[in-house]
Amino acid sequence: MTTMGDKIKFEEINHEGRFVKQLPGDPIEKNYPRQVEKAHYSFVNTVTPKNPNLVHSSSDLMQELGIEVGDYKTFLSIVSGDKPFPSAQAYAMCYGGHQFGHWAGQLGDGRAINIMEGKVNGNYQTFQLKGAGPTPYSRSGDGFAVLRSSIREYLCSEAMYHLGVPTSRALSLVRTGDAITRDMLYNGNPADEPGAIVCRVAPNFIRFGNFEIFAARRDVESLRKLTDYTIEYYYPQLGKPSKETYLAFFQEVVNRTLEMMLHWQRVGFVHGVMNTDNMSILGLTIDYGPYGWLEDYDPDWTPNTTDTQNRRYRFGNQPNISLWNLTQLANTLYALIEEVEPLQAILDQYRKDYFLRYHEMMLSKLGLENAAVPEPFIQELTKLLKDSQMDMTLFFRSISAIEVPNIGELHRIASYLPGAEQKAAIKNWEKWWNQYAYFKSELNLSDKRRSEQMKRVNPKYVLRNYMAQLAIEDAEKGNYDLIDELYQLLLKPYDEQPEMEKWFVKRPDWALNKVGCSMLSCSS
Ligand code: AMP
Ligand code: MG
């Protein structure tokens, strides 16, 4: 293996291909939509792009993986799907899922193709192209992805990582040169859009739905194989397969999912499509689609236009939905465990644990870690934030200062209420604000220390919906500067970055009802 410094070239990563070596695949090699039974994946080829161009690549991720672009042309040919990764056979995974609360049958990687997996810097990683063409799981889809949604996934997965949220990563963003037709608002107005491919990276992309599909088909053998595989390679500390091990595995997945939920609620991330096929078995945030960031604090907000009616995936409901999704996974693993009670006990405990951990998390956002603060104090805060239409990020970051602005100033900085309505809203805060001052004074913590601690949990910069939209509009015109500016900004979301203060402001008025900023469809 050629080394350049202590890094290895991307194309020289040793492809191990564990998933396809260990698990049975689809015997049919032709690529057409079909039901794939008793198999975990199908081999596929990526489609040759017309005129691929590298828009951006994550130097930070490369650094972390200890890899670098060796030959630029070779790198581009691999991450654009033009050429296969040396010695690897690309494949798409078979999975099912519950979508919006209903069993949807077989879904699978309809436009994601795993191109390589192997150890980098000591950790096993899977490299996957999103938008490199159809697979047996594409159903009526074309297998491609458009530039706007690819920019959103690329920037957001990297941003989430630097916020400390468990997530898949993004290595590269390529424009394919092909035109892709999409009816963006599902209103009968299809248009051509630029095609793009993101190369995403995670230890694996196994979803709750990978397990569910086998339970639904009463194929316990395949379910057991996948569970044993996942435990052996991703939860090896749990030991050899047994009923106890399967239960411990479920407990681990519950723990990791709970951690992920706390992070989402901490930073104000709304996934938008928490179907069980979008839930990672490693507790990672995956499949960035019509996600959004909470601006004016509203637990009922969802960015996904497909979900406006029921708001199933609204901000405040994400922890509940996780539990619902975990319940589907429990139903699936029941086929291996054959006992309801221990599974139910784990699910019941999630509810209790989440409640306690959420309280702790909110206290840390207020700089009141370990303080004896009653739960209604937090409930009252969330009500006030909502009534004052307070920008979540601006509010929590502003109160993280050494010198905290007064509540009037905070409204000027962070409230979306019209000026005339702010006066009454400010009055409502009086009691809570005094209590808060009291709790802080009880802590005996210097303002400097408190500020330092709070700034570690309250980010200054997140990828607001309008910011991504601005980058998209520029990129569609061929200008990628803003993609890089936002990428750089979001590498250090907790740092002050005074030269970037222009991104530490309220959402501009023009973005309030603009497509891509306040509402997003699943069309991508
Ligand atoms: P999502 O809600 O985006 O996670 O997608 C749900 C399912 O639809 C997955 O199985 C995807 O692979 C599939 N899918 C979404 N978009 C496309 C597309 N353009 N072509 C093929 N399959 C797609
Ligand atoms: Mg998905």
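Tutor: A pocket, found on a 1 Å grid over the protein atoms alone, is an open set of points with protein on both sides within 12 Å along at least five of seven lines, and a molecule sits in a pocket if more than half of its atoms lie within 2 Å of its grid points. By that rule ligand 1 sits in the largest pocket. This is a predicted model, in which local features need pLDDT of at least 70 and side-chain atom pairs count only at pLDDT 80 or more, while totals for chains, interfaces and linings use all residues. Residues are numbered from 1 along each chain as its sequence is written, chains are lettered from A and ligands numbered from 1 in the order in which they are written, and side-chain values use heavy atoms, with hydrogens and water left out.

Around ligand 1 there are 17 residues (near means a heavy atom within 4 Å), and the closest are Gly108, Gly110, Arg139, Gly143 and Asn278. Because domain 1 (3-208) and domain 2 (241-363) both give residues to this shell, ligand 1 lies between them; the domain bounds come from an automatic or database domain assignment.

Turning to polar contacts, which are pairs of N or O atoms within 3.5 Å, a polar backbone atom of Gly110 is 2.7 Å from an oxygen atom of ligand 1. A polar side-chain atom of Asp142 lies 3.1 Å from a nitrogen atom of the ligand, and a polar backbone atom of Phe144 is 3.4 Å from a nitrogen atom of ligand 1. Of the 480 Å² of accessible area that ligand 1 has on its own, the protein covers 80% (Shrake-Rupley method, 1.4 Å probe).

Methods:
A polar contact is a pair of N or O atoms within 3.5 Å; within protein, one must be able to donate a hydrogen and the other to accept it, and residues adjacent in sequence count only if both atoms are side-chain atoms. On a 1 Å grid over the protein atoms alone, a cavity is a set of points where a 1.4 Å probe fits but cannot get out, and a pocket is an open set with protein on both sides within 12 Å along at least five of seven lines; lining residues have an atom within 4 Å of a point.
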